[in-house]
Amino acid sequence: MDPALAQLAHTVRFEWGAAGAAAVADGVDVAVVVDVLHATTDVTHGLDAGAPVWPVDPADPAGRLALDLAARVTTVVAGSLHNARAVADWLAREHDEDDQTVAVIAAGAAWPDGSLRPAVEDLWGAGAILAALEDHDWRGLSPEAAWAADSYRLVIGREESHLVACAGGQLCLATGERDRVHRAADVDGSRTVPLLGSQGFVPAP
């Protein structure tokens with residue numbers, strides 16, 4: 001991997017998918033995986049409903065992404081619109097921006113040929129976390145991370161209508177999963193920060 005792609009000059013990074021995660025993982029302490037209409041929102045809702053552990057499905061692309069990152073970074077977190085503020089607050093409370101590096105990874109989706117389809121809902125979820133970090137006066141955002149934060153700010157207050165209208169939301173509606181879109185649009189409805197452990201995701205203390 002060309003070092004120019006690693007965002008090494010920045011302590012808060014943003015990328016897409018497994019290849020992007022691998023590109024920016026060097027020196028990262030905390031990686032936040034974001035899959036808004038599927039895995040990471042499901043994790044947070046499941047833990048909020050009382051599940052002590054939410055297992056990782058290695059057959060799911062976001063699950064594989066999380067497991068791959070766990071082998072390279074100290075801590076892996078599940079983030080979404082549903083817990084964006086909670087994740088940012090936890091990062092600001094438990095970590096030192098001067099000593100630690102954070103990567104926020106939008107899982108994205110897949111085209112029929114298996115290639116990465118950047119999913120705008122994951123950009124918004126990642127951007128919500130990054131925007132909330134900026135609200136904590138965290139410095140060091142890469143241009144990619146700052147762009148994600150700015151992209152989320154453009155849809156604040158209109159998250160549900162945009163989730164319904166975007167391609168990923170339309171796919172959910174076509175398969176009868178309107179409730180999935182509605183749950184994903186419950187912005188900051190959860191204070192749970194799911195941390196990946198040996199058995200799956202558990203709530204941060």
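Modeller: Helices here are DSSP runs of H or I with at least four residues, strands are runs of E with at least two, and both are numbered from the N terminus. By that count the protein has nine helices and eight strands, and Ala145 is placed in helix α6. This is a predicted model, in which local features need pLDDT of at least 70 and side-chain atom pairs count only at pLDDT 80 or more, while totals for chains, interfaces and linings use all residues. Residues are numbered from 1 along each chain as its sequence is written, and side-chain values use heavy atoms, with hydrogens and water left out.

Colleague: Why is Ala145 called buried?

Modeller: Buried means a relative accessible area under 20%, exposed means over 50%, and partly exposed lies in between, with a 1.4 Å probe and protein chains only. Ala145 has a relative accessible area of 0%, so the word buried applies. Of the 205 residues of the protein, 52% count as buried.

Colleague: What does Ala145 touch, not counting residues up to four places away in sequence?

Modeller: Contact means heavy atoms within 4.5 Å, and on that basis Ala145 touches Val12, Arg13, Phe14 and Leu130.

Colleague: How do you know how α5 and α6 are oriented, whether parallel or perpendicular?

Modeller: The axes are lines fitted to C-alpha atoms, over the stretch in contact for helices, and the angles run from 0 to 180 degrees between N-to-C directions. The axes of helix α5, residues 120-135, and helix α6, residues 143-153, come within 7 Å and cross at roughly 100 degrees. That makes α5 roughly perpendicular to α6, because angles of 65 to 115 degrees carry that name, whereas those under 35 are roughly parallel, those over 145 roughly antiparallel and the rest oblique.

Colleague: Which residues of α5 meet which residues of α6?

Modeller: On the α5 side they include Leu123, Trp124, Gly127 and Leu130, and on the α6 side they include Ala145, Trp147, Ala148 and Tyr152. Sorted by class, this contact of α5 with α6 has ten nonpolar, two polar and two charged residues. Here Ala, Val, Leu, Ile, Met, Phe, Trp, Tyr, Cys and Pro count as nonpolar, Asp, Glu, Lys and Arg as charged, and the others, Gly among them, as polar.

Colleague: What makes the pair Arg85 and Asp135 a salt bridge?

Modeller: A salt bridge needs a side-chain nitrogen of Lys or Arg within 4 Å of a carboxyl oxygen of Asp or Glu, and the side chains of Arg85 and Asp135 meet at 3.1 Å, N to O. Arg85 lies in helix α4, residues 84-94, and Asp135 in helix α5, so the pair ties together parts that are 50 residues apart in sequence. Arg85 is partly exposed at 30% relative accessible area, and Asp135 is partly exposed at 48%.

Colleague: Where do Asp98 and Arg139 lie?

Modeller: Asp98 forms a salt bridge with Arg139, the closest N and O atoms being 2.8 Å apart. Asp98 lies in the loop between α4 and β4, residues 102-106, and Arg139 in the loop between α5 and α6, so this pair ties together parts that are 41 residues apart in sequence. Asp98 counts as exposed, because its relative accessibility is 56%.

Colleague: How many salt bridges does the structure hold?

Modeller: The structure holds eleven salt bridges, and one of them joins Arg180 and Glu177 at 3.4 Å, N to O. Salt bridges that share partners join Asp42, Glu177, Arg180 and Arg183 into one network.

Colleague: What is the phi of Asp137, which is not a glycine?

Modeller: Most residues other than glycine have a negative phi. Asp137, however, has a positive phi of about 65 degrees; Asp137 lies in the loop between α5 and α6 and counts as exposed at 58% relative accessibility.
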